[in-house]
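I set out to record what I looked up in this structure. The entries follow in the order in which I made them.

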Amino acid sequence: MPDMLAGQCLCGAVAYRVKAVVLAFYYCECVPCRKTTGSSAATNLKVAPVPIAWHRGADLVRLYRDRHGRHFSKAFCTICGAGLPYISRDGNALIVPAGSLDGPPPMAVGHRQFAAERPDWATLDHELPAYRGFAPTTDNGAQDVSS
Ligand SMILES: [Zn+2]
Ligand SMILES: [Zn+2]
């Protein structure tokens, strides 16, 4: 069943809506996520790929694609810098930063990924399933088509 996900950036200039199936909800503890969020981990929803409906500020959204290492991307509002949804570089997933949502996500956080890169000062739920890299399964029982 698809879920309706609606959100906006901090300053409100950019707003979006996405209707899609949520595959997973996770903490990513990789170094690039730490750097781009300025925090210990990113908290993202992995969603089956669909076009993003920008309700406001589509022209203000900038997409950064890192050239080295993993296929790392980040979309953000060019006014306030807040993270926004983007299609993964391979096109197999839509990544939605949970903090950009206006309402609660449709599932609880299910796992941690790139757990080996977690800094010592970070405190997260260590009881969650943890993977060295991308998780081999989704959090809703669906087959993961992106890895
Ligand atoms: Zn903004
Ligand atoms: Zn990451």
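I began with a definition: a residue is buried if 20 or more other C-beta atoms lie within 10 Å of its own, exposed if 12 or fewer, and partly exposed in between, with C-beta atoms placed from the backbone. I note that this is a predicted model, in which local features need pLDDT of at least 70, side-chain atom pairs count only at pLDDT 80 or more, and totals for chains, interfaces and linings use all residues. Residues are numbered from 1 along each chain as its sequence is written, and chains are lettered from A and ligands numbered from 1 in the order in which they are written.

**Glycine 103**

Is glycine 103 buried or exposed? I found that glycine 103 counts as exposed because it has 9 C-beta neighbours inside 10 Å. I located glycine 103 in the loop between β10 (94-97) and β11 (111-113); strands (E, at least two residues) and helices (H or I, at least four) are DSSP runs, numbered from the N terminus. Glycine 7 is 96 residues from glycine 103 in sequence, yet their C-alpha atoms are 7.7 Å apart in space.

**Whole chain**

I recorded one helix and twelve strands in the protein chain. Buried residues account for 33% of its 147 residues.
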